[in-house]
Amino acid sequence: MQTSLFNGVLAWLPNVQLAHFLIVSAILFALGLYGIVTRRNAIMVLMGVELVLNAANINLIAFSRYGGLHASGPALDGQVAAIFVIILAAAEAAIALAIVLNIYNRFQTVNVDEVSSLKE
Amino acid sequence: MSADTLVTLSLAVLLLPLAGFVLMMFFGKKLPRQGDWLETGIITIALGIALYVLFQKMTTFAGEVGSLRFTWIDFHEVPGIGPLKIVLGFTIDNLAAIMMAVVMIISTLVHYFSIGYMHDDVRYSRYFGYLGIFTFSMLVIVLADNLFLLYVGWELVGLSSYLLIGHWYEKKSASNAAMKAFITNRVGDLGFFIGMAIMFTTFHTFGLTEIFAGLQSGQMPLGSESWLTVAGVLIFCGAIGKSAQFPLHVWLPDAMEGPTPVSALIHAATMVAAGVYLVARVFPLLTADALMVIAYIGLTTAFISATIAIAQNDIKKVLAYSTISQLGYMVMGLGVGAYTYGFMHLVTHAMFKAGLFLGSGSVIHAMHGAMHHQHDHHTDPQDIRNMGGLRTKMPVTFWAFVIYTLAISGVPLTSGFMSKDGILAGTMAFAGFTGHTLIPIVGFFVAGLTAFYMFRLVILTFLGAHADEKRFAHVHESPKVMIIPLMILAVLSVFVFYSWNPLDASHGWISQALPRPATVVPEHLAATEAAEFAEGVHHAHMPAMLLSLTVAGLGIALAFATYYWKKISADRIATSLAPVHRFLVDKWRFDELYGTVVVGGTLALTRALNWVDSKIIDGAVNGAGWATRGTSFISSRFDALVIDGIVNLSAYLSGFGGLVLRKFQTGKVQTYVLFTVASVLVLYFVFRMV
């Protein structure tokens, strides 16, 4: 039974369209955004940010593969941009973690609700 | 020596009393006897010089006129006025020389008399100083050869009379009398000033000689002949004030509040004479019409004051009204054209009126002394009803007084007879030429009245029995320093000093020295020509003399019949004619009339103006204030409500906006992100719709 479902999926795979990728990406983006907005822990907020970045990456690659943006057909531009994003995300994570470390040193907490000095 | 030397000597006469005044004012109190000897000595020296000048003028320099002139100010050509140059000067002609001598004689005798009369006065030295400036002021008028300097002297006389009438200024009546004299004079002075201004506008000079020359060349003041008459009458207005002519005569009786020697000075030489002197000075420019006005003013004055004099009981008041009456005579004499006799009456009157006043001063002095001895401070020492019988106690005063009275009544062998007779003959001649018969009729009537009231005065004062026997015992003759001036004046009231012929003065030295000056007005405006008039006077002389003797005799007889023999009861006449008597006692109610009309009118006017001020002007001001307050209130409300409301509303709105927007500013990045997402979604849908 299971094999049949698996086989069904495999059979369906060639039928995967751009819309499916975009749906996955949107779900991932929404989840990331949800994480950013609702999590109290700064680390969790950063993780949400990573999700949002990866949602964007999926979009870039999807458009790159199924695109039609170029007259000559699909190109590698999106994939290159995704690789840039991944590099930048790594750098961002490093800096963001350093900031979180500093926040912790200063406020003795990583709870973003308690750090609202931007208000002043 | 020339005629100009006489001017220099006259200047010495002029300046000596001024020097006396200055010395007395600054050092008088520190000198022994408060300096009366100094002032009197100075005046005596001046008298000597004045008499010498007169003698020289009459003998050696007859016909020559000396003068001294200097330019006072010179503004050259002034836009709108023309040449503005004022030349002042002094001149000594026959008129000035005679007048100066008269002034100095009277002034000197008054000075000597005052030593006795004022000997324990509180302001003894100041009194003598004032006498000095009074004499000086009068001499300025006498010697001035132009209207300007004359006006200066004119005002100085007004000032010094004010000072002397108000000498006992602690008495309210005295200070009031001084003010009355000054203010009443100012009314006349205004006319004089305007007349002077008219002359200056036309001729650009104040010099009388130049004005006469201008008129003679046919130039008319302000280009019209009627202005000449007007100017003449206006200048005469000054004389109305100073010489106490109707209707400005009211100040003179009140001036009796001054010391009695001052009254003598005012009435004889230094003040009231100024007006007559002024008319004599400007005589050539007076037209026939102006002279007619002058004659009638003089006539009215003479009549009114003679009737008042009958009913007065104060010895000085009687004399005051007789002075006004005699001044009326002089003015009338000048007005009818009897220039020589009009002025001669001024001279003779000066002598016997000064005598009468000094005599009355002597009587008052004696009465006052006797009352003082009895510790009687209530009886009036000047009331003739309290006197009587003084003849035996004061023989010198009595006899001198009788001589003066004979002179003023116009009895032959006195000086007054000659001058008064001349004036009356002049009025008769005038009536013959012009037909104005009222003038001689009233003239003779007043002559009779004068004789009557003067003898009434003599009888009540010196004859009969004294009112109070005890007081009578203490009456004494005045000291020598007072009675010697009386004797001198009595001698000067005799005819020989004025003319050798006691019945006709037309050949006397004064008549020869003072012929009527030739007129300078155009022929058709001029009064009867001098030679023709003199002829008329000559013809009128005999009937005038007989008539005046008759009326004087009648007046004297009536006075004796009434007051000495008591054949006629004065009281019964007074009661049967009570309204008339009351009217005369009240001095024709001039004071009441002026009090009501002038003073009351002024007060009413000021009250009206005060009302206008307090109601209308203040009302307008207050109304403006009220209106301003109202509008400012409105505008303050507008400010507070509308303007402030707008400002506050905008502030409130900003605040409210801030309050709302502050809610979004949480400081939490997560919230911001939420907002961003929400906004993006909103924008997405907004753009979807578009």
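Begin by selecting helix α11 (residues 272-281) and helix α13 (residues 315-336) of chain B; in this predicted model, the two helices pack at an angle of about 5 degrees, with their axes 10 Å apart. Because angles under 35 degrees count as roughly parallel, α11(B) is roughly parallel to α13(B). To view the contact, display the side chains of Val272(B), Val276(B), Val279(B) and Ala280(B) in α11(B), which meet Thr323(B), Leu327(B), Met330(B), Val331(B) and Leu334(B) in α13(B). By class, this contact of α11(B) with α13(B) holds eight nonpolar residues, one polar residue and no charged residue.

Next, select helix α17 (residues 415-434) and helix α22 (residues 530-564) of chain B. Their axes are 7 Å apart, and the helices pack at an angle of about 120 degrees. The pair α17(B) and α22(B) is therefore oblique, and the crossing is right-handed. The contact of α17(B) with α22(B) comprises eleven nonpolar, five polar and two charged residues.

Proceed to helix α16 (residues 395-409) of chain B and select Trp399(B), which is located in this helix. Is Trp399(B) buried, exposed or partly exposed? With 16 other C-beta atoms within 10 Å, Trp399(B) is partly exposed.

The following stop is a hairpin. Select strand β1 (residues 66-78) and strand β2 (residues 82-92) of chain B, which pair in the antiparallel sense over ten bridges. Within this pairing, Arg69(B) stands opposite Gly89(B) of β2(B). Three residues lie between the strands of the hairpin, where Gly80(B) takes a positive phi near 90 degrees. Strand β1(B) is hardly covered, with one buried residue among its 13 residues.

Finally, display chain A together with chain B. How many residues of chain B are in contact with chain A? Nine residues of chain B are in contact with nine residues of chain A. On the side of chain B that touches chain A, four residues are nonpolar, four are polar and one is charged.

Note on methods. Residues are numbered from 1 along each chain as its sequence is written. Chains are lettered from A and ligands numbered from 1 in the order in which they are written. This is a predicted model: local features need pLDDT of at least 70, side-chain atom pairs count only at pLDDT 80 or more; totals for chains, interfaces and linings use all residues. Two residues are in contact if their C-beta atoms, placed from the backbone, lie within 7 Å. Ala, Val, Leu, Ile, Met, Phe, Trp, Tyr, Cys and Pro count as nonpolar, Asp, Glu, Lys and Arg as charged, and the others, Gly among them, as polar. A residue is buried if 20 or more other C-beta atoms lie within 10 Å of its own, exposed if 12 or fewer, and partly exposed in between; C-beta atoms are placed from the backbone. Helices (H or I, at least four residues) and strands (E, at least two) are DSSP runs, numbered from the N terminus. Two strands pair if DSSP finds at least two bridges between them. Axes are lines fitted to C-alpha atoms, for helices over the stretch in contact, and angles run from 0 to 180 degrees between N-to-C directions. Angles under 35 degrees count as roughly parallel, over 145 as roughly antiparallel, 65 to 115 as roughly perpendicular and the rest as oblique. A crossing is left-handed if the near helix is turned anticlockwise from the far one by less than a right angle, and right-handed if clockwise.
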